[in-house]
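Subject: Structure handover

Dear colleague,

I am passing on the structure we spoke of, with the sequence alongside.

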Amino acid sequence: IRNLSVNDENKVKIARDVGLRPLIELLSSSVMEIQEQAVIALRNLCANSENQLKVVQEGIIPPLINMLRAYEDNLQMLAAACLRNVALDSANKVAVVESGSLPPLVACLSSVNVGVQEQAAAALRVLSSNPDNQTRIVEEGGLGGLIDLLRSDNKDVQEHACGALRNLSMKREVSRKIGEEGALPYMIGLLRSPDERIQEQAATLLRNLSVNDENKNRISQAGGLAPLIILLSSPLPRIQEQAAVALRNVSLTEENETALVHEGALPPLIELLQHTDDHIVEQALVTLRNISVNAENETKIVSAGGLTPLITLLRSPKPSIQEQACGAIRNLSVNPDNKVKIVHEGGLPPLVALLRSPQETIQEQSAVAVRNISVNPEYDTKIVQEGA
């Protein structure tokens, strides 16, 4: 049955014709080899969504929890893997936790066996996608064990531990706590992993952490800016997006306004202004707008070639992009040299056009930019001619 259960069609047939209860009963056998064969078969069968609910109804959770407490590493590993599959069903996520699975799963994170670590972290990753479970996992001490596994040499362990922490960090209080636990250097190290799965999990985790004000400078001080900037040029848009949002968040502090430019963020951010994904464009825009309030950055952004794409985006059909582009140009237009360059690059017509935007926030940004430009008497007539 174990061998047959690998086949997708057989997963349904075995549950229907043989039944799940006999296999579940074998989980409590006094013979370890029988337990192993039964749990492997059930793990395979639980890859089928219909079987996930059935096995819980047939009482699979208690014997699996007992198996997690076994002295045999292989049984612990297989039990955690089976629980992971069972928990793929949203209702089962609650049932698995309510049945008392968290203490032994958290204990398995400290196993010396890499396979046990991997499967326990994978199970907690699945369980932690439920908001109620997130608090329970932290209360049971899961945070420290998952953070420790970020230092593992095993890529699968790294990915699952990072994925679980990513889910847990959705809660603001947990996000703050992760930052305080000294985990940032390990997360930042994973940004440099050659494995794109790990890059994505680490970037998303840092994105979540960067929402917390205290973590914004912590990420920078721990050396997180440079690898996040590198990921802006990832071939995978989903990684670019996570890195861009993280940098957008950290760019809100005065310290990071200059640090981002010093670390070389301008070229990739400006490159992203021409991305095909509007959401990624918007993240890059917000970051440039945030750092353009710094007087030194006003000239550096223009020197790096940021003005032309910003002016182009004033004509975007998307109001949110118009607003951010307009806000960035408003900041840049404070600089006397930039006023001249904005007009010479053709920025005045789209700015004047946005004065008629139905959105007041866009009207305000464009009006202030035009006001800043009008300080130069050479452009008074030009502004009137454009219909301002």
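Predicted model: local features only at pLDDT ≥ 70, side-chain atom pairs only at ≥ 80, totals over all residues.

Overall fold

The chain contains 28 helices and 0 strands. Its radius of gyration is 27 Å, well over the 21 Å that the globule rule gives for 388 residues, so the chain is more spread out than a compact globule. Along the principal axes, the C-alpha trace spans about 90 × 40 × 30 Å. Of the 388 residues, 57% are buried, and the chain exposes about 16700 Å², of which carbon and sulfur atoms supply 48%. Among the contacts with a separation of 6 or more, 70% are accounted for by residues 24 or more positions apart.

The nonpolar core and the cysteines

The largest nonpolar core has 120 residues, and those with the most contacts inside it are Leu42, Ile60, Leu146, Leu165, Met187 and Leu351. For Ile60, once residues up to four places away in sequence are set aside, the residues touched are Ile24, Leu27, Leu42, Val55, Cys82 and Val86.

How many disulfides does the chain have? With a disulfide taken as a pair of cysteine sulfur atoms within 2.5 Å, the count comes to 0. Cys46 is a case in point, since the nearest cysteine sulfur, that of Cys82, is 4.6 Å away, and Cys46 is in no disulfide. Cys46 is buried, with a relative accessible area of 0%, and Cys162 is likewise buried, its relative accessible area being 0%.

Helix H6 covers residues 73-86, and at 1.5 Å a residue its 14 residues should span 20 Å, which agrees with the 20 Å between its end C-alpha atoms. H6 is mostly covered, with 10 of its 14 residues buried, and these buried residues are Leu75, Gln76, Leu78, Ala79, Ala80, Ala81, Cys82, Leu83, Asn85 and Val86. They pack against helix H3 (32-45), helix H4 (49-57), helix H5 (61-68), helix H7 (90-98), helix H8 (102-108) and helix H9 (114-127). Two residues on this list, Cys82 and Val86, are also among the residues that Ile60 touches.

Arg21 is in helix H2 (residues 21-26) and counts as partly exposed, at 43% relative accessibility.

Helix H21 and Gln283

H21 is mostly covered, 12 of its 14 residues being buried; among them are Val281, Glu282, Leu285, Arg289 and Asn290.

Leaving aside neighbours within four places in sequence, Gln283 is in contact with Ala244, Val245 and Arg248. Asn249, which is 34 residues from Gln283 in sequence, is 9.4 Å from it in space, C-alpha to C-alpha.

Glu159 in helix H12

Glu159 lies in helix H12 (residues 155-168) and is buried, with a relative accessible area of 9%. Not counting residues up to four places away in sequence, Glu159 touches Arg125, Arg197, Ile198 and Gln201.

Pro336 is in helix H25 (residues 336-344) and counts as exposed, at 56% relative accessibility. Although Pro336 and Val375 are 39 residues apart along the chain, their C-alpha atoms are separated by 9.0 Å.

Helix H27 (residues 360-374) has 15 residues and reaches 21 Å from its first C-alpha to its last, close to the 21 Å expected at 1.5 Å a residue. The buried residues of H27 are Ile362, Gln365, Ser366, Val368, Ala369, Val370, Asn372 and Ile373.

With best regards

Notes: Residues numbered from 1 in each chain as written. Heavy atoms only, no water. Buried < 20%, exposed > 50% of the residue type's maximum accessible area, 1.4 Å probe, protein only. Core = buried A, V, L, I, M, F, W, Y, C linked by side-chain atoms within 4.5 Å. Contact = heavy atoms within 4.5 Å. Helix = DSSP H or I, 4+ residues; strand = E, 2+ residues; numbered from the N terminus. Rg over C-alpha atoms; globule rule 2.2 N^0.38 Å. Areas by Shrake-Rupley, 256 points an atom, 1.4 Å probe, with all protein chains shown as cover. Expected span 1.5 Å × (residues − 1).
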